[in-house]
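Subject: Structure for your review

Dear colleague,

Please find below the structure that I am handing over to you. My notes on what was found in it follow.

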Amino acid sequence: MSLKGKVALVTGSTSGIGLGIAHALAGAGADIMMNGFGDAGAIAKLRQDTERRFGVRVGYSGADISKPAEVAGMVAEAERTLGAVDILANNAGIQFTANIEEFPDEQWDRVIAINLSGVFHGTKAAIPGMKKRGWGRIINIASAHGLVASPQKVAYVAAKHGVVGMTKVAAIELAGSGITVNAICPGWVLTPLVEKQLQARAQQEGSSVEKVTHAFLAEKQPLAQFSTPEQIGALALFLSSDAASTITGAPLSIDGGWVAQ
Ligand code: NAD
C-alpha cells in the first residue's frame, strides 16, 4: 500500500498512539505534519528521525488543539508547507478523573475543548481542501469510552461519545465526495496517558505498578493485554487505503473484547 504523494496531519503525534499513527503512515510514504506538546529539542529529534527513517517530509505545528484559531492555522500551515491535508488523524487527547460532583469545571471545559471541540475544528478546516482534491480520510481516535462508560470519567466519556456521533454526521455529509470518516475505538494502550492512571492506582492501593497492571486490564478486557501504538497505526493505515474506501461512519473497536461484553 503506498501513500506516496499524500500528506497526513496527525494531532498529538509527539507521543503514544499519535506517534504510532504518524510512523505507520510515513512508513507507507506519506508526508507528515506532526503536532503536540513536549520538549523542543526532543520534538526536533523526533521529526528528524522520522524523516530519515522513512524518507518523507515531516513538518511540525505546536498548535494547541483547545484553541480553534490555532487548529485552523495548523491545517492552513500543512496545506501551505506540505501541499495538502489528505489524511487527518484527530488524535490529541487528555484524561481527567473525578466523580461528577467533584469534577472541576475548568477540567470539564479542557477535556471537552481538546477531545471533542478540537476534532470538530480540525475536521471543519480540512474538509474544503479534501473536497477540492476529491479524496480524503478523516480518522478520529475515539475510545472504548466512545461506546461504553466508566465511572470518574464524565468529561472523557462524554467527549468520546461525541466524537463517535460527529464521525457519523461527517461520514453522511461527505458521502460521495471521496472522503471517508471513521472512528478508531481503542481499549487500553500503554502510553503516558495510561501510565499516569496505573501510577495513581498503585499509589491508592499501596501496591506496585506491575501488580495493579493485570487487574487494570482484566477488569475491562477479556483479552488482558495492551494494544500497541503500532497496531492502532496499522488500522489507521488500512483506513487510509483504497481497500477501505467503502468503510465510513464506523466506530472500529481494537480493544481486546472490552465492548463485546
Ligand atoms: P499521550 O498522552 O501519550 O499522547 C497525547 C498527545 O496529545 C501528546 O502528543 C500530547 O502532547 C498531545 N496533546 C495533549 N493536549 C494537547 C493540546 N491541547 N494540543 C495539542 N496536542 C495536545 O496519550 P495517548 O494514549 O497516545 O492518547 C492519544 C489518543 O488516544 C487520545 O485521544 C486518547 O483519548 C486516545 N485513547 C487512548 C487510549 C489508551 O489506552 N492510551 C485508549 C483509547 C483512546
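**Domains**

The C-alpha centres of domain 1 and domain 2 lie 25 Å apart. The contact between them takes 16 residues from domain 1 and 9 residues from domain 2. Domain 1 covers 7-187 + 228-260, while domain 2 covers 190-226. Please keep in mind throughout that this is a predicted model.

**The ligand**

The ligand is surrounded by 30 residues, of which the closest are Thr 14, Ser 15, Asn 91, Tyr 156 and Thr 191. A polar side-chain atom of Asp 64 lies 2.9 Å from a nitrogen atom of the ligand. For Ile 65, a backbone N or O atom lies 2.9 Å from a nitrogen atom of the ligand. For Gly 187, a backbone N or O atom lies 3.4 Å from an oxygen atom of the ligand. Taken alone, the ligand exposes 830 Å², and the protein buries 94% of that.

Gln 152 counts as partly exposed because its relative accessibility is 36%, which falls between the limits of 20% and 50%.

Gln 152 also has a phi near 65°, a positive value in a residue other than glycine. Most residues other than glycine have a negative phi.

Lys 153 touches Gln 95, Phe 96, Thr 97, Ala 98, His 145, Trp 188 and Gln 197, not counting residues up to four places away in sequence. Lys 153 and Ile 100 are 53 residues apart in sequence, and their C-alpha atoms are 8.3 Å apart in space.

Helix H5 (154-174) has 21 residues, so it should span 30 Å at 1.5 Å a residue; its end C-alpha atoms are 30 Å apart, which agrees. The buried residues of H5 include Tyr 156, Ala 159, Lys 160, Val 163, Val 164, Thr 167, Ala 170, Ala 171 and Leu 174. An α-helix has 3.6 residues a turn, so residues three or four places apart point the same way. Among the elements that cover the buried residues of H5 are helix H4 (105-133), strand E5 (136-141), E6 and strand E7 (251-254).

**The loop after H5**

Just after H5, Gly 176 takes a positive phi of about 90°. Ser 177 is found in the loop between H5 and strand E6 (179-186). Ser 177 counts as buried because its relative accessibility is 18%, under the limit of 20%. A polar atom of the side chain of Ser 177 lies 2.5 Å from the backbone oxygen of Leu 174. Ser 177 also touches Gly 134 and Trp 135, not counting residues up to four places away in sequence.

**Helix H8**

Helix H8 (residues 229-240) has 12 residues and reaches 16 Å from its first C-alpha to its last, close to the 16 Å expected at 1.5 Å a residue. Its buried residues are Pro 229, Ile 232, Gly 233, Leu 235, Ala 236, Leu 237, Leu 239 and Ser 240. These buried residues of H8 pack against helix H1 (16-27), strand E4 (87-90), E5, E6 and E7.

Yours sincerely,

A colleague

Conventions. Residues numbered from 1 in each chain as written. Predicted model: local features only at pLDDT ≥ 70, side-chain atom pairs only at ≥ 80, totals over all residues. Heavy atoms only, no water. Helix = DSSP H or I, 4+ residues; strand = E, 2+ residues; numbered from the N terminus. Buried < 20%, exposed > 50% of the residue type's maximum accessible area, 1.4 Å probe, protein only. Polar contact = N/O pair within 3.5 Å; in protein donor to acceptor, adjacent residues only side chain to side chain. Contact = heavy atoms within 4.5 Å. Expected span 1.5 Å × (residues − 1). Near = heavy atom within 4 Å. Areas by Shrake-Rupley, 256 points an atom, 1.4 Å probe, with all protein chains shown as cover. Domains from an automatic or database assignment.
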